[in-house]
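Colleague: I would like to go through this model with you and ask what stands behind each label. Please set each value against its cut-off.

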Amino acid sequence: MTVAALNIHPLKSGRAIPMSEVSVRLDGFADDRRFMLTDPAGRFITQRELQALAQVEAHPVDGTIRLAMNGRSVAPTFDPSRRAAVTVWDSSVDAAVADENTNGVLSEWLGRDVQLVHMDQQASRLEGEAWAGRPVPVGFTDGFPVLITTTGSLADLNRTLVAKGQEPVGMDRFRTNILIAHDGAWDEDLWEAVEIGGIVFDLVKPCSRCIMTTQDQTTGERIGGNPIQGLAEKRMSADRRVAGVLFGWNAVPRTEGRLRLGDTVTVIGQRPERWPMKVRG
């Protein structure tokens, strides 16, 4: 098995950037989900409620980012003393807030009042202790540093979609960090840990999927195949701790280092049984 793709998402819910190599930190890939949009009250905003976020490109530049949408661009600045308490699900983060001009431009682009915030060096967030056995540092991800998926599982999902008369979907719908080239479908359910590029990743929790997987990751439109309907055929969780349909695994790196496309992936720990799934019919 090898690494087939590496991706970062500098802006939470913005477009992905394919990478040939990445720096792995304990809190995830460098430049991955370090910036986020919130409403004026500080509550996080994603494509779930603002589909146009899929049209926003964010490129890391010297510790900050440059944002672009439909031929327009803006270069945010951050004053470390200009801060706000923002929320991501149930956690609060003391984040740096972008300059007023940037927030005005983004609000105009997206048609609602938003502000851009940055998980800078003064900010911190810990999550996932119940699953990882310890508090895990993260950025603005939904809950864990890294998401791992496989080509074999996507191929099996697409076979299901085609059998239902729907179009196949790309892996971009699942906003993965590490895509592993592996023919076996859903074998990752049995992987307790994998080693890639000398870094061990513990696969600690399956990833439940939401309406964002139904959205085109270029336009934000809900078009094409519906992964939720396809996953419901045989990937509906039977464990109440993680409800809904599942695709991919949340992972925690034990150490820091670098990953490159083509790196060998070795399973170094296996679970005795798969995650339980509901049987339809």
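Modeller: The model is predicted. We can start with His118, which lies in strand β12 (residues 115–118).

Colleague: Why is His118 called buried?

Modeller: Buried means under 20% relative accessible area. His118 has 12% relative accessibility, so His118 counts as buried.

Colleague: What does His118 touch, leaving out residues up to four places away in sequence?

Modeller: The contacts of His118 are Arg34, Phe35, Gly63, Phe78, Ala95, Ala96 and Phe140. Between the C-alpha atoms of His118 and Val138, 20 residues apart along the chain, the separation is 13 Å.

Colleague: Which residues of α3 are buried, and what covers them?

Modeller: The buried ones are Gly152, Ser153, Leu154, Asp156, Leu157, Asn158, Thr160 and Leu161. Their cover includes β15 (146–150), α4 (227–231) and β19 (246–253).

Colleague: What makes Thr160 one of the buried residues?

Modeller: Thr160 has 13% relative accessibility, and the cut-off is under 20%. Thr160 therefore counts as buried. Leaving out residues up to four places away in sequence, Thr160 touches Gly230, Glu233 and Lys234.

Colleague: Why is β19 described as largely enclosed by the rest of the structure?

Modeller: Eight of the eight residues of β19 are buried, so the description holds.

Colleague: Which strands pair with β19, and over how many bridges?

Modeller: Strand β15 runs antiparallel to β19 and is joined to it by three bridges; Val146 has Ala251 as its bridge partner in β19. Strand β18 also pairs with β19 in the antiparallel sense, over six bridges. There, Ser208 has Leu246 as its bridge partner in β19.

Colleague: How many aromatic pairs are there, and why is the pair of Trp249 and Trp275 called edge-to-face?

Modeller: The count comes to six aromatic pairs. For Trp249 and Trp275, the ring centres are 6.3 Å apart, against a limit of 6.5 Å. Their planes stand at 80 degrees, so the pair is edge-to-face, the cut-off for that label being over 60. Trp249 lies in strand β19 and Trp275 in the segment after β21 (265–270), so the pair ties together parts that are 26 residues apart in sequence. Ring pairs link Trp131, Trp249 and Trp275 into a cluster.

Colleague: Are Trp249 and Trp275 buried or exposed?

Modeller: Trp249 is at 2% relative accessibility and counts as buried. Trp275, at 11%, also counts as buried.

Colleague: Which residues touch the most other members of the largest nonpolar core?

Modeller: In that core of 24 residues they are Phe29, Ile148, Ile178, Val194, Ile196, Phe201 and Leu259. Elements that give two or more residues to the core include β1 (2–8), β3 (21–25), β15 and β19. A second, separate core has 21 residues, among them Leu11, Leu37, Ile45 and Met69.

Colleague: How do you know that Cys207 is in no disulfide?

Modeller: A disulfide needs sulfur atoms within 2.5 Å. The nearest cysteine sulfur to that of Cys207 belongs to Cys210 and is 8.3 Å away. The structure holds zero disulfides.

Methods:
Residues numbered from 1 in each chain as written. Predicted model: local features only at pLDDT ≥ 70, side-chain atom pairs only at ≥ 80, totals over all residues. Heavy atoms only, no water. Buried < 20%, exposed > 50% of the residue type's maximum accessible area, 1.4 Å probe, protein only. Helix = DSSP H or I, 4+ residues; strand = E, 2+ residues; numbered from the N terminus. Contact = heavy atoms within 4.5 Å. Phe/Tyr/Trp six-rings, centres within 6.5 Å; stacked < 30°, edge-to-face > 60°. Core = buried A, V, L, I, M, F, W, Y, C linked by side-chain atoms within 4.5 Å. Pairing = 2+ DSSP bridges.
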